[in-house]
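The following explanation leads the reader through a structure step by step. Please keep the sequence and the coordinates at hand while reading.

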Amino acid sequence: MANAVARPRGINGLVARSAAVFAPRARNLQGLLFCLPLIFLFIAFVVYPLYFEVTQALDRYTYEVLFADPIYVQTIVNTLTYVGVAVNVKLILALLLSGILQSDSRSVRFLSAIFLLPWAIPVLPGILSIRWMLSSQWGIMNLIMEDIGVGTVHWLASRWMAIGALITFHIWKYLPFWTVIFLAARRGIPRELYEAAAIDGAGPFQNFRFITFPMLKGIYLICSLLSMVFTLGDFTNVWLLTGGAPGDSTHVLATLAYRYTFLMGKIDWGVGVFATALPVTLLFIFILIKKIK
Amino acid sequence: MGQTRRDFLKTTSAAGAGALSGALGFPMVSRAQGRKLVVWWNRGYYKEEDEAMIKIAQDFQKAKNVEVDISFTIQEDLLKKIIAAIQARRVPDVAFCFYNDWEVMPNYAWQDKLAETTDVITELKPRYNEKFVQVAYCYNNVAKKRAYYGVPIEAQIMHIHYWRDLLKEVGMADDPDKIPLKWDEYWDYWKKAQDALRKKDPAKYGKLYGIGMTESTRGSDTIYNFEMALLSFGGQLLDQDGKVIADQPKNREAIVKTLHWFADLYNSGYVPPDAINWSDGDNNANFHSKSIVMTPNPSLSIPAHHFFNAPDNYFFKMATVEWPDNPGGGKASYMVAVKTILVPKDAKAPDLGKEFIRFVLEPNRFAQYIKGANGRWFPAFNDVAKDPFFAKGQVGKGGPVDYHIPLATKLYLERNVKVFDHWKSPANSQVYAENIWGKAMARTNVDKWAADKAADEAIGRMKTIFTQWR
């Protein structure tokens with residue numbers, strides 16, 4: 001046979017065969033030792049927390065307690081609303097805006113730079129500014145409302161107004177980022193497709209329907225999933241803007257878990273709240289990985 | 001030159017041996033250095049407080065020949081730190097946090113995670129103001145008995161602060177003795193002040209409110225406000241044994257009246273709309289900026305701020321006054337929170353920790369510490385409370401009369417005071433931590449529920465929580 005190699009026989013053959021068998025193992029051991037720090041970090045910061053969360057989350061009593069708390073149920077509704085509305089409105093707007101910003105004109109380029117500013121502003125001053133703007137007593141929004149005759153609006157003093165403010169802030173803050181992503185994706189669509197469509201007499205809407213959207217739908221789905229995962233775990237924006245008020249009616253899962261864990265000392269309940277979101281997050285990540293592959 | 005396998009194994013063996021000697025050897029060296037005491041202390045509001053405690057720690061270190069590792073942390077962070085430490089069983093020997101009495105002690109005494117302090121309390125009992133000491137008498141659900149699981153040291157009570165100069169500006173009596181104390185007249189007085197000020201100068205006072213009443217779920221001030229008003233309306237939530245009696249007809253009626261009163265007040269237009277979102281610092285901030293005429297506050301932090309930053313305000317432009325008499329007559333009863341030191345059960349040196357507490361609480365030494373807080377707290381010990389500072393306040397340090405500290409002292413010593421009920425059951429800690437009365441206020445103020453419906457939801461929730469703790 002062409003591939004057949006004559007093997008040495010006797011003691012020399014045995015040594016050679018042993019070396020062939022053990023050398024890769026020794027190299028594997030060396031590699032393993034080099035990887036140990038990383039493995040240790042992975043176990044300490046991924047496996048153990050996950051194990052801790054899953055074991056805590058398996059306690060049925062935790063869920064009995066959580067479902068007996070009306071705030072928990074309200075929080076699930078809030079989270080679904082926040083994630084569902086904020087992410088979808090933001091991404092639809094981002095998709096549309098990316099089309100406008102694709103223009104090569106100077107004015108649009110200048111506007112793009114301005115448009116990116118909210119993303120560049122750190123979260124803390126951004127939210128504090130919005131809180132001051134929405135203050136019932138002193139906020140600029142109410143000064144404007146009063147000037148145009150609408151009267152005082154208690155922006156953060158009612159559940160749905162406060163959640164509306166949260167969603168608005170989220171869109172304002174993160175819209176530029178996703179617009180830039182879609183803009184980059186649009187630039188990757190071959191121009192020849194549009195030229196061919198133009199020869200066939202396609203207008204802007206047909207271009208969008210038959211070329212742009214089909215070419216972007218994969219990345220749109222990935223962006224949606226990524227944004228949902230980020231938003232599902234959002235703590236900072238909600239905590240800084242409403243802190244769950246008024247009347248604990250604007251909590252999302254992350255802030256409620258914080259409230260249970262650190263304000264009430266109920267770590268198991270806090271973990272239970274996070275565990276509520278875990279299957280959804282894992283599902284999103286699973287779809288995401290499949291999609292990327 | 002490439003590294004050979006032998007070199008590599010030599011290097012990793014040496015590193016492993018080094019790490020092992022570090023892990024095993026160094027603690028032994030450390031243990032040989034002698035006794036060490038780890039103290040976590042709530043950072044004070046004023047540097048004098050912290051300086052006094054550092055001096056005490058240094059004196060203890062010298063007197064007992066021990067190493068004292070004392071650290072100061074702000075209350076919100078310290079609460080989280082203590083909870084995490086007890087869960088992880090890596091605790092200090094002494095922990096003093098302003099939230100201990102409400103959120104830590106009842107819960108962890110129940111779980112048998114705190115050292116019993118009955119020995120310390122027994123020694124200190126002759127010095128204690130009896131009204132305060134029961135706050136540490138908690139139930140241990142493992143030992144199935146009540147005992148002392150903390151050492152109470154200082155108290156805070158409800159006060160009402162107001163701007164005298166705002167009242168004066170519209171010709172209203174501003175002397176604390178002239179403020180009407182009958183229930184309706186009292187609250188109407190501040191409403192009248194708002195109306196008069198807005199009328200006098202709409203541009204300046206158009207956004208000013210008469211009553212800075214916190215009605216949110218974010219503020220512990222709400223709990224004080226609710227419980228004070230509930231006492232005024234003659235209601236009780238728990239009996240002496242810690243059983244829920246909020247659903248008894250008399251108490252339910254008082255709760256409904258209380259919630260109704262808060263809802264009316266909020267919707268009257270005399271309370272800032274954002275008061276349902278306020279955290280504990282927001283009424284202070286609104287008072288400092290003179291956007292409210294008065295505010296109830298359960299410590300003297302507001303006047304103390306002005307004492308340091310604007311003594312003229314402290315002595316001449318503002319004053320502190322009592323909570324009004326009960327609607328049905330009689331002087332108000334006052335809710336008191338008593339701040340407490342703990343020794344966790346897993347502490348490495350619990351006895352040394354108790355020794356440190358005894359050392360801190362020796363009369364002269366403790367008086368120095370508590371006076372460093374400039375009247376923010378009232379001592380839990382009768383001998384320290386006799387210090388002239390608590391009767392006269394800051395007199396002579398910028399003005400002839402102190403309208404704040406002596407009034408607070410009068411409330412502690414002459415009025416009927418009631419310690420918050422956390423000590424009776426950890427379930428009640430949870431009731432407060434959930435701020436269910438703030439939630440009930442939100443039901444009436446935001447969701448526009450009737451007061452009786454909101455009361456029933458809150459009572460139901462309270463009973464559920466108590467059931468979960470059995």
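How much area is buried between chain B and chain A, and what percentage of it do carbon and sulfur atoms give? The model is a predicted one, and in it the area buried between chain B and chain A comes to about 3100 Å². Carbon and sulfur atoms account for 53% of that area. To the contact, chain A contributes 41 residues and chain B contributes 34 residues.

The polar side of this interface can be described by its residue pairs. Between chain B and chain A, 12 residue pairs are in polar contact, both residues of each being at pLDDT 80 or more. On the side of chain B that touches chain A, helix 1 (5-32), helix 3 (75-88), helix 4 (100-110), helix 20 (426-433), helix 21 (436-445) and helix 22 (451-468) of chain B each provide at least two residues. Helix 3 of chain B gives the largest share of that side, namely four residues. By residue class, the side of chain B that touches chain A consists of 14 nonpolar, 10 polar and 10 charged residues.

Side chains of opposite charge can pair when their charged atoms come close. Two salt bridges are found across the interface of chain B and chain A. B:R461 takes part in a salt bridge with A:D69, and their closest N and O atoms are 3.6 Å apart; the cut-off for such a pair is 4 Å.

Over all chains, the whole structure holds 34 salt bridges. One pair within chain B is B:K145 with B:E116, whose closest N and O atoms lie 3.1 Å apart.

Attention now turns to a sheet. In chain B, four strands in the order 8-9-7-10 make up an open sheet with mixed pairing. Strand 8 (209-211) and strand 10 (318-321) of chain B are its edge strands, each pairing on one side only. On average, and with direction ignored, neighbouring strands of this sheet are turned by 25° against each other. Strand 7 (residues 159-163) of chain B pairs with strand 10 of chain B in the antiparallel sense, over four bridges. Within that strand 10, B:T320 is the bridge partner of B:H161.

Two backbone details remain. Most residues other than glycine have a negative phi, and most peptide bonds are trans. B:K144, a residue other than glycine, has a positive phi near 55°, and B:K144 sits in the loop between strand 4 (137-140) and strand 5 (145-148) of chain B. In chain A, the peptide bond joining A:A245 and A:P246 is cis, with omega about 0°. A:P246 is located in the loop between helix 11 (236-241) and helix 12 (253-263) of chain A.

Definitions and conventions. Residues numbered from 1 in each chain as written. Chains lettered and ligands numbered in written order. Predicted model: local features only at pLDDT ≥ 70, side-chain atom pairs only at ≥ 80, totals over all residues. Heavy atoms only, no water. Contact = heavy atoms within 4.5 Å. Buried area = accessible area lost by both parts, 1.4 Å probe. Salt bridge = Lys/Arg side-chain N within 4 Å of Asp/Glu carboxyl O. Polar contact = N/O pair within 3.5 Å; in protein donor to acceptor, adjacent residues only side chain to side chain. Nonpolar A, V, L, I, M, F, W, Y, C, P; charged D, E, K, R; others polar. Pairing = 2+ DSSP bridges. Axes fitted to C-alpha atoms, helices over the stretch in contact; angles between N-to-C directions.
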